[in-house]
Amino acid sequence: MPRQSSTTAAKPVAVSKSEAHSAIIQVIERASLNPDVDIDKMERLLQMQERVLDRQALMSYSAAMAAMQTELPSIEERGRTNNGQYATLEDIVDTVRPILQRHGFAVSFRIQTQERGIQVTGVLMHREGHREETSMLLPADVSGSKNAVQAFGSSTSYGKRYVLCALLNITTRGQDDNGLSAATVKLVTTFQAAQIKKLIADCPAATQEWFAGKYGDAGRVPRNDFDKLRASLQKRTQSSSHH
């Protein structure tokens with residue numbers, strides 16, 4: 001019997017964030033009734049408690065994210081463009097929503113129209129209070145003679161797919177390949193290829209020759225190279241415009 005009570009006493013007591021919050025509220029209520037309470041000290045205690053709660057929320061987020069990653073499958077690429085296939089936003093959301101809910105996550109998007117284009121922000125929230133954000137700034141997609149409304153919708157949809165995949169580290173795969181292409185190199189989208197083509201056209205001849213030798217065509221650029229290549233080409237077009 002003594003051994004059983006010793007084992008019971010050794011078990012750690014788990015305190016949830018809501019219980020910890022309720023405890024500090026009770027302390028505040030009692031302190032508010034005491035005319036001798038040190039307000040400055042109370043504020044420091046509150047700040048310390050907030051930091052503790054924030055740290056607990058981050059730890060819960062990280063643990064839940066690690067567990068969820070083992071369940072997220074690669075998404076089948078059923079959307080089609082002239083440049084290949086892509087995973088549609090609908091397919092991504094339908095696939096990950098039940099997994100997100102099971103692990104206490106929810107995702108939302110913010111869309112802001114700016115002078116330089118459309119900024120899409122994805123927000124991944126956990127039930128314990130921590131959240132992470134990823135943003136992407138996109139020009140309006142006017143490829144294929146889209147009107148203004150279509151261009152806005154196309155860029156918004158692309159941005160949502162991009163930030164959602166970035167937040168959840170999602171991979172995609174071609175249809176009916178048993179997941180084998182998940183390890184192959186992903187190429188830029190039609191939208192990204194159009195941006196590269198426009199930049200290349202404004203670059204010096206030497207840059208165009210280098211690009212042709214390295215990639216051959218804008219549609220053959222690996223998706224992982226896109227951001228760095230775009231920044232490099234933008235610098236070259238800016239420097240060439242001064243001569």
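Modeller: Happy to! Let's start with E133 and R110, whose side chains meet in a salt bridge, with N and O 3.1 Å apart. This pair links distant parts of the chain, since E133 sits in strand β6 (residues 131-138) and R110 in strand β4 (residues 105-114), 23 residues apart. By salt bridge I mean a side-chain nitrogen of Lys or Arg within 4 Å of a carboxyl oxygen of Asp or Glu. Helices (H or I, at least four residues) and strands (E, at least two) are DSSP runs, numbered from the N terminus.

Before we go on, please keep in mind that this is a predicted model, in which local features need pLDDT of at least 70 and side-chain atom pairs count only at pLDDT 80 or more, while totals for chains, interfaces and linings use all residues. Residues are numbered from 1 along each chain as its sequence is written, and side-chain values use heavy atoms, with hydrogens and water left out.

How open are the two partners? E133 has 41% relative accessibility and so counts as partly exposed; R110, at 39%, is also partly exposed. The scale here is relative accessible area with a 1.4 Å probe and protein chains only: buried is under 20%, exposed is over 50%, and partly exposed lies in between.

β4 and β5 run antiparallel and are joined by 10 bridges; strands pair if DSSP finds at least two bridges between them. They form a hairpin with 2 residues between them, and Q112 has Q119 in β5 as its bridge partner. The hairpin of β5 and β6 has 4 residues between the strands, and G129 in the turn has a positive phi of about 115 degrees. Strand β5 itself (residues 117-126) is mostly covered, with 8 of its 10 residues buried.

Another one joins R78 to D91, with 2.7 Å between the closest N and O atoms. R78 lies in the loop between β1 (75-76) and β2 (79-81) and D91 in helix α4 (residues 89-102), so this pair ties together parts that are 13 residues apart in sequence. D91 is buried, because its relative accessibility is 13%.

D91 also has a neighbour worth a look on its backbone side. Its backbone nitrogen lies 3.1 Å from a polar atom of the T88 side chain. Such a polar contact is a pair of N or O atoms within 3.5 Å; within protein, one must be able to donate a hydrogen and the other to accept it, and residues adjacent in sequence count only if both atoms are side-chain atoms. T88 is in the loop between β3 (84-86) and α4, and at 16% relative accessible area it counts as buried. Leaving aside residues up to four places away in sequence, T88 touches G79 and R161, where contact means heavy atoms within 4.5 Å.

Helix α4 holds a further charged pair. R97 and D94 form a salt bridge at 3.7 Å, N to O. Both residues lie in α4, 3 residues apart, about one turn of the helix. R97 is partly exposed, with 42% relative accessibility.

Finally, what about the cysteines? The whole structure has 0 disulfides, a disulfide being a pair of cysteine sulfur atoms within 2.5 Å. C165 counts as buried at 18% relative accessible area, and C203 is buried too, at 8%.
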